[in-house]
Structure formats: C-alpha cells, structure tokens
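Hi everyone, thanks for coming. Let me put the structure up and walk you through a few things in it.

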Amino acid sequence: MSEQPRRPRKPGKPYRRPQKDPVRILAFEALRAVDERDAYANLVLPPLLRKAREAGDFDARDAALATELVYGTLRRQGTYDAIIADCVDRPLREVDPPVLDVLSLGVHQLLGTRIPSHAAVSASVELARVVLGDGRAKFVNAVLRKVARDDLDGWLERVAPPYDEDPEDHLAVVHSHPRWVVSALWDSLGGGRTGIEELLAADNERPEVTLVARPGRATREELLGEEAAVPGRWSPYAVRLSEGGEPGAVEAVREGRAGVQDEGSQLVALALANAPLDGPDRRWLDGCAGPGGKAALLGALAAERGAFLLASEKQPHRAGLVARALDGNPGPYQVIAADGTRPAWRPGSFDRVLVDVPCTGLGALRRRPEARWRRRPEDLDGFAPLQRGLLRNALEAVRVGGVVAYATCSPHLAETRAVVADVLKQHPGTDLVDARPLLPDVPALGEGPDLQLWPHLHGTDAMYLALIRRTA
C-alpha cells in the first residue's frame with residue numbers, strides 16, 4: 001500500500017499554551033465572586049490569598065498586587081466602564097460580564113498603576129486566553145490597545161461631561177461614584193465643589209488598617225512596638241499600620257486583646273462613654289452589637305467603671321462574632337441574640353445605650369467599594385422603618401437622665417438627621433446633647449449638636465453620631 005501524502009501545515013503561528021498568571025487569575029476570581037454572588041471583596045479576597053500562600057504560589061509582593069488589582073478595579077469601576085464603553089461597538093450591557101471583568105482589570109493596570117502599557121496589555125490578553133479562550137482574548141486585545149493610546153486624564157476629558165454643563169455627572173464619571181451617591185454626599189456636606197471632590201477622591205484611596213487597644217487588655221504603647229505601627233490621629237486607643245502592616249501578625253490581635261477597628265467607630269464609642277449622665281452609671285446596652293468592634297471597646301470602658309454591658313445582636317451568627325470579640329473582657333458582660341425592635345429587656349433598664357443601626361454603608365465606601373454599585377436610592381426606604389424603630393426602642397430602654405447614642409456608617413441625611421428629627425418629635429421628653437465637646441481634639445465636626453466624621457477631613461469612615469438624653 002502506498003503511503004498517503006501528509007497534508008501541508010497551514011501557515012501561521014504555532015499553537016502556544018496560555019501562560020497562567022496566579023496573581024491575575026486570583027484577581028479575576030475575586031471579581032467574579034463579587035459580581036456573581038454579590039460577595040464583598042474584603043470577605044472573598046483573604047481566603048483566596050491564604051490558599052495561594054499555602055500552595056506556595058504567592059509571596060507578599062504577589063498578595064499586594066492582587067489586592068491592588070481587585071480593590072482598584074472595584075473603586076474605579078464607573079470610570080473604567082465609561083472608558084470601555086467608548087472603545088467597544090456595542091452597549092456595555094451586551095458585553096459578557098467575565099469579559100468585562102478582564103477588560104476592567106486591564107484598564108486599571110493601564111490607567112491606575114505603574115505597570116508599563118505593553119506589559120498590562122499582554123498580561124491581560126494572556127489572562128483572557130486562560131479564562132475566556134482565544135476568540136475573546138482577541139477582543140480584549142483590541143479594546144485594551146485602544147485604551148492604551150491615552151492616559152487617564154486624556155480619557156476623562158473625552159468621556160466625562162464638562163463640569164459646567166452637568167456637575168453631578170462630571171463628578172460621577174471622574175470620581176467613579178453613581179450619580180445619586182454624588183448628589184447625596186454633596187447635600188450632606190452642604191459645601192462647594194472643593195469639599196465634594198476631596199470626599200469623592202478620599203473614597204477612592206486605600207484606607208489604612210487601624211487597630212484598637214482594648215483598655216485593660218492591651219495598651220497603645222504595646223501596639224506601637226509592632227513594625228509599621230504609628231499612633232492614631234484622634235482616639236487614645238488607636239494605632240495605624242502603615243502600608244504592608246498585617247493585623248494577623250500582631251500578637252495582641254491574635255489573642256483578642258486588640259482588634260481591627262476604624263478610628264471613627266472608636267470615636268463613637270468614646271463619645272457615648274464620655275457623655276455626662278444624671279444619676280448612676282452601672283448598666284450599658286449595645287443594641288446592634290454585630291460584629292462586635294464597638295461592643296468590645298464599650299465593654300472594656302464599662303469594666304473600668306465597674307459597669308455591666310449587655311450586647312444584643314439580632315442575627316445569631318453575628319451574635320457569635322460579638323461573643324468572640326468580648327471574650328476575655330475584664331468586666332461583667334452578656335451577649336444575647338435579640339431583636340432591638342422587640343426588646344428582651346424592661347423599659348428604663350440602662351444608663352447608656354448605643355444603636356449603630358443598619359444602613360446603606362455610604363460612609364465606608366473606601367473599605368467596601370462594591371457597595372456604591374449595589375446600593376440604590378430605594379434602599380433608603382427599606383432601612384428607614386428599621387432605623388426609626390431601633391432609635392425609638394433605644395429611647396425606651398434608657399432611664400430618665402440616661403443617654404442614647406444613635407450612630408450610622410452613612411452620612412446620607414435621610415439616614416442621619418431625618419431619622420433623629422422624626423423620632424424626637426414623638427418623644428418630647430428628650431434633648432439632643434452637643435456631642436462635639438466630647439471629642440475636643442477632633443476638628444470640623446459640623447454645626448452640632450450632632451457630629452459627622454469624614455474620610456477627607458478625619459481619615460475615618462463617614463460615621464454620624466447624635467447623642468440624646470432622656471429627660472422625662
């Protein structure tokens with residue numbers, strides 16, 4: 001039998017197996033989890049990084065790059081979407097979400113990091129080949145080459161409407177916030193363009209890791225002995241870890257004697273603890289205690305005075321987190337799973353009460369950047385009855401002469417002053433306490449008597465606090 005002639009090879013490049021890049025694959029997986037499961041990056045990313053380190057795939061520099069890629073892409077998603085939309089020939093909603101995630105990671109590397117353009121494009125195309133296939137990798141390559149033709153400032157001039165024509169939309173695109181959030185934050189600031197631009201820019205900065213030394217269990221001096229540790233700005237118990245500082249490497253954190261807690265959260269607890277009372281100071285209540293940061297600090301402060309803390313949290317699994325945070329507290333305390341709108345305690349039982357109510361979280365967009373894209377204006381209507389109900393029951397729980405702290409991690413006026421004003425109309429036997437003198441070293445707290453913290457002014461989350469004394 002005669003041998004069959006071999007078919008000639010088609011001209012072109014030989015097939016090359018895609019090169020797997022563990023850092024970018026992990027970043028892509030994190031973004032997919034955020035998109036598909038409505039997960040939060042601060043919950044998804046740590047276990048992915050831990051698994052990669054245990055497998056020997058990652059060192060500290062790899063982990064830092066993966067973290068920057070994930071958080072940077074999420075923070076600038078609105079800006080990057082506008083740029084990508086200008087580079088594709090179809091509506092953005094018709095681009096498959098996994099493709100859009102790869103494109104966004106690539107755009108962030110091009111416009112938001114110091115990675116050279118050629119490396120950013122080639123690494124993104126290689127990622128696309130691994131996770132999407134060769135066909136869509138060609139699309140990614142074409143789009144990113146268009147993006148690479150200009151820098152961020154040039155793109156913003158092209159895709160953002162002029163400020164004079166539409167200031168809110170201009171700020172929304174330039175600073176990557178939904179338009180309704182820009183409008184709400186601007187209303188809360190009550191100032192001019194400088195204030196709002198500084199706030200929106202601060203929302204896009206990577207927040208420092210802040211620790212709290214729980215009184216009676218750890219000292220700030222102990223924490224300052226750690227590498228990369230510097231004092232907090234305002235709280236006497238706060239220590240900031242400079243870039244690269246790892247809370248899990250701190251012995252006091254591992255032992256629960258210290259914790260990770262934003263300085264704004266610490267200041268809310270301190271203001272309540274320092275508020276003047278008429279009468280005894282023996283029983284404190286944290287009525288929305290999960291996940292336990294404020295409860296742990298309040299419990300330690302109460303212990304110094306011989307006071308008892310009851311920490312209540314509606315969700316049992318979150319009540320478990322509160323119990324873990326309070327474990328080892330030097331003074332008396334109890335943790336219960338109970339609904340603050342259906343109190344498990346008698347009226348007038350407490351001298352000090354904190355309700356840090358569920359809210360939109362618009363004050364913590366530095367830490368949870370994906371929240372800005374998930375929240376909708378109608379969410380405010382869902383939170384409103386709960387916030388008012390919790391404050392009403394807190395005022396019932398405190399005795400005459402005692403003080404209630406109403407706190408939110410949102411500066412939205414519908415979640416702050418509107419709630420307090422509505423509830424106090426129904427409770428004539430109450431007075432607002434000026435909270436600002438209780439934090440004498442902290443500037444720019446607002447007109448009072450309530451106070452508002454800001455990322456761009458204080459380096460904290462945008463915590464709101466109103467102190468209310470029951471007078472009858």
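Let me start with a question: is Ala444 buried, partly exposed or exposed? Ala444 is partly exposed, because its relative accessible area is 47%, and buried means under 20%, exposed over 50% and partly exposed in between, with a 1.4 Å probe and protein chains only. Its phi is near 55°, a positive value in a residue other than glycine. Ala444 sits in the loop between β10 and β11; helices here are DSSP runs of H or I with at least four residues, strands are runs of E with at least two, and both are numbered from the N terminus.

A quick word on the basis. This is a predicted model, where local features need pLDDT of at least 70 and side-chain atom pairs count only at pLDDT 80 or more, while totals for chains, interfaces and linings use all residues. Residues are numbered from 1 along each chain as its sequence is written, and side-chain values use heavy atoms, leaving out hydrogens and water.

Back to that loop between β10 (430-433) and β11 (451-452): Pro449 lies there too, and the peptide bond from Gly448 to Pro449 is cis, with omega near -5°. Another cis bond runs from Gly290 to Pro291, with omega near 0°. Pro291 is in the loop between β5 (283-286) and α15 (293-304).

Asp38, in the loop between α1 (22-37) and α2 (41-54), also has a positive phi, about 55°, without being a glycine.

Zooming out, the protein has 20 helices and 12 strands, and buried residues make up 54% of its 472 residues. Thanks, happy to chat!
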